[in-house]
Amino acid sequence: MLDKTKIGHQFDSFKVDVEKGRLKFFAKSIGETNPIYIDEEAAIAAGYKALPAPPTFPFSLDMEGPELLPVIGLLNLDIGRVLHGTQEFNYFGQIHAGDTITVSSKLKNIFDKKGGALEFVVMENSYTNQDGELMAQASVTLVYRNV
């Protein structure tokens, strides 16, 4: 069983600069065709201060940390038994090109099902801009197979 005393652990925060090219690439990779995500003039004409980040973009910021999925090391997980369960986003503001986002992650919960055969690790990630404004939060659930 996973160590539930680790619930509440706050991982080291890190900063990521949001670049125009990265936003355009992400938009194209998810099949986004709305011009506000790939054409800065269209974004400004629509009332944005710069290119806005497409939906789910904050997930890609998680990949910029010093360690990919630091919860793996914290809980001593075998990566071969980890599955992506769910991911949900709540948005409180708009991330734009030119922003510097601080990513903070916390281990929110660990619970099991099927008599411990499956354990669920719930992470909460927060994305705050350079002005200290919370732009988004994500809840990520990983599934750990014990069989």
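Modeller: Start with T102, which is found in strand β3 (residues 100-113). Helices (H or I, at least four residues) and strands (E, at least two) are DSSP runs, numbered from the N terminus. This is a predicted model, where local features need pLDDT of at least 70, side-chain atom pairs count only at pLDDT 80 or more, and totals for chains, interfaces and linings use all residues. Residues are numbered from 1 along each chain as its sequence is written, and side-chain values use heavy atoms, with hydrogens and water left out.

Biologist: What does T102 touch, leaving out residues up to four places away in sequence?

Modeller: T102 touches S13, F14, K15, S126, Y127 and T128. Contact means heavy atoms within 4.5 Å.

Biologist: And how far is T102 from G8?

Modeller: Their C-alpha atoms are separated by 19 Å, and the two residues are 94 apart along the chain.

Biologist: What sheet are we in?

Modeller: An open one of 5 strands, in the order β1-β3-β4-β5-β2, with antiparallel pairing. Two strands pair if DSSP finds at least two bridges between them.

Biologist: Which strands are at the edges?

Modeller: β1 (14-17) and β2 (82-91), each pairing on one side only. Neighbouring strands of this sheet are turned by 25 degrees against each other on average, direction ignored. For that angle, axes are lines fitted to C-alpha atoms, for helices over the stretch in contact, and angles run from 0 to 180 degrees between N-to-C directions.

Biologist: How is β1 held to β3?

Modeller: The two pair in the antiparallel sense over 4 bridges. V16 stands opposite I101 in β3.

Biologist: Switching to rings. How many aromatic pairs are there?

Modeller: The count comes to 3. Rings of Phe, Tyr and Trp (its six-membered ring) pair if their centres lie within 6.5 Å; planes under 30 degrees apart count as stacked, over 60 as edge-to-face and the rest as tilted. One of the pairs is F26 with F57, edge-to-face at 5.3 Å centre to centre and 85 degrees between the planes.

Biologist: Where do F26 and F57 sit in the chain?

Modeller: F26 is in helix α1 (residues 20-29) and F57 in the loop between α2 (40-45) and α3 (58-62).

Biologist: Which charge sits over a ring?

Modeller: The charged end of K113 sits over the ring of F120, 5.5 Å from its centre. The rule asks for NZ of Lys or CZ of Arg within 6 Å of the ring centre and within 35 degrees of the ring normal.

Biologist: Let's do backbone angles. What is phi at L69?

Modeller: Positive, at about 50 degrees, although L69 is not a glycine. Most residues other than glycine have a negative phi. L69 is found in the loop between α3 and α4 (71-74) and is partly exposed at 36% relative accessibility.

Biologist: And K114, where is that?

Modeller: K114 is in the loop between β3 and β4 (118-128). Its phi is near 55 degrees, a positive value in a residue other than glycine. K114 is exposed, with a relative accessible area of 68%.

Biologist: Last topic, the whole chain. What pattern does it follow along the sequence?

Modeller: β-α-α-α-α-β-β-β-β, with 4 helices and 5 strands. Of its 147 residues, 39% count as buried.

Biologist: Which residues does UniProt list for a domain?

Modeller: The unreviewed entry lists residues 7-136 as "domain: FAS1-like dehydratase". UniProt positions are given in the numbering used here, feature names are shortened, and annotations may be inferred rather than shown by experiment. Over residues 7-136 the chain is 19% helix and 32% strand.

Notes: Buried means under 20% relative accessible area, exposed over 50%, partly exposed in between (1.4 Å probe, protein chains only).
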